[in-house]
Amino acid sequence: MSLLTPYQQMNIVEAQKRAGYTTAAEFLGELAKKNDLLQFLPFFPASHGGYHQWLSAVRLGAGSWGKANSGIAKISASSDLETEGIYLYRADSLVDDVILKTAPNRIAVRDSEDSANAEGFLQGWFTKLFYADGTDPDGFKGIAARRSTPDTDGEKTTWDAGGSGSDCTSVWLFEFGQNGFNMRHPVNAQPGFSDKDMGLKYVNAPDGSGQYYAWVRHYEIFAGLQIKKKHSVLRMGSIESAGASNLFSANKFIEMKNQLPEMGRGAMAFCNRTIHAQIENAIYEKSNMAYGVIDVEGFGPVARVVGIPMMTCEAITDTEDAI
């Protein structure tokens, strides 16, 4: 049996099968993932080329009572300078020119490969956004590693739904924007996902036998995380992805909402299909007033919990360890 890897190059047999390619959605089918987060995640220019710095207030000034012929209290505030790195996530989609010359429909064949690689590329980046552990010096620390322990010190950024084992998942609550959660990109780089057709290039053969000509499309996301206010990213973890107990908790979600800097105004929540199904089941239990449905332009009917839209991001797995 041949070994299949994400880096295996297209062959002539595969190219023949793809000659009937029409659209990415039709071709990818069940492999396509739903990542609503890409529609809302804001990107802003970084303060420096390879990193972003900002000031966060840590102490506010205060006045004092006064009376005639007495001094006026002198007050001051203080701040911390915070720094986050900017990291490049990139890949090249390669199709051998020889294969395209033998393909019945060279445009369709190349487009099919580029579409599949772009989908996989985005899935990979979103997985890093949530689950990168920060040990790779060339990449950022994901948000799960930043919200990994249920709060015991009054920070109130991470909630424990009570599940156990390694079949858990999470719900994430965000307030986006320059004063909340956002991504920072270098001034000279395109914000968000970018792709560029590099044309015909002379590249190294995957078997190490030399070089060959291939059509190359380059993908990249150049970004770092900024959590301007620590309560703009909140997590409910240890939600059981199966079973009848330790499921999504509306009561804990209400607690989370009230820790957001703006207490939920403009907030968005994200979960995977498993939790979305739990929430939809709760919606149709008409006695529960915390749940409802709202129409969002471009998305249709969207589930909401205490007024906050619950969107889908399938990079959030059902195989998290309990926190």
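User: Are Arg235 and Glu320 buried or exposed?

Analyst: Start with the cut-offs. Buried means under 20% relative accessible area, exposed over 50%, partly exposed in between (1.4 Å probe, protein chains only). Arg235 is buried, and Glu320 is buried as well. This is a predicted model: local features need pLDDT of at least 70, side-chain atom pairs count only at pLDDT 80 or more, while totals for chains, interfaces and linings use all residues. Residues are numbered from 1 along each chain as its sequence is written, and side-chain values use heavy atoms, leaving out hydrogens and water.

User: What do the side chains of Arg235 and Glu320 meet in?

Analyst: Side chains of opposite charge can pair when their charged atoms come close. The test for a salt bridge is a side-chain nitrogen of Lys or Arg within 4 Å of a carboxyl oxygen of Asp or Glu. Arg235 and Glu320 meet in a salt bridge at 3.0 Å, N to O. Arg235 lies in strand 10 (residues 233-240) and Glu320 in the segment after strand 14 (308-312), so the pair ties together parts 85 residues apart in sequence. Helices (H or I, at least four residues) and strands (E, at least two) are DSSP runs, numbered from the N terminus.

User: How many salt bridges does a search of the whole structure find?

Analyst: The search finds 12. Take Asp197 and Arg110: their closest N and O atoms are 2.9 Å apart. Asp197 sits in strand 8 (residues 193-204) and Arg110 in helix 5 (residues 106-131), so this pair ties together parts 87 residues apart in sequence. Asp197 is partly exposed, at 38% relative accessibility. Arg110 is buried, at 9%. Both belong to a network of salt bridges that links Arg110, Asp114, Asp195, Asp197 and Arg217.

User: Which residue forms a salt bridge with Asp97?

Analyst: An α-helix has 3.6 residues a turn, so residues three or four places apart point the same way. Here the partner is Lys101, with the closest N and O atoms 3.2 Å apart. Asp97 and Lys101 are 4 residues apart in helix 4 (residues 97-102), about one helical turn. Asp97 is buried, with a relative accessible area of 10%. Lys101 is exposed, at 61%.

User: Which residues of helix 7 are buried?

Analyst: In helix 7 (residues 250-257), look at Ala250, Phe253 and Met256, which are buried. They cover an arc of only 110 degrees around the axis, which puts them on the same side of helix 7. The arc is that of the directions from the helix axis to the C-beta atoms.

User: Where is the place of Asn272, and what is Asn272 in contact with?

Analyst: Contact means heavy atoms within 4.5 Å. Asn272 is in the loop between strand 11 (268-271) and helix 8 (273-283). Asn272 counts as buried, at 4% relative accessibility. Beyond its neighbours within four places in sequence, its contacts include Thr169, Cys313 and Ile316. Met311 is 39 residues away in sequence, yet its C-alpha is 8.3 Å from that of Asn272.

User: What joins the side chains of Asn272 and Asp318?

Analyst: A polar contact of 2.9 Å. The term means a pair of N or O atoms within 3.5 Å; within protein, one must be able to donate a hydrogen and the other to accept it, and residues adjacent in sequence count only if both atoms are side-chain atoms. The Asn272 side chain also reaches the backbone oxygen of Thr317, at 3.5 Å.
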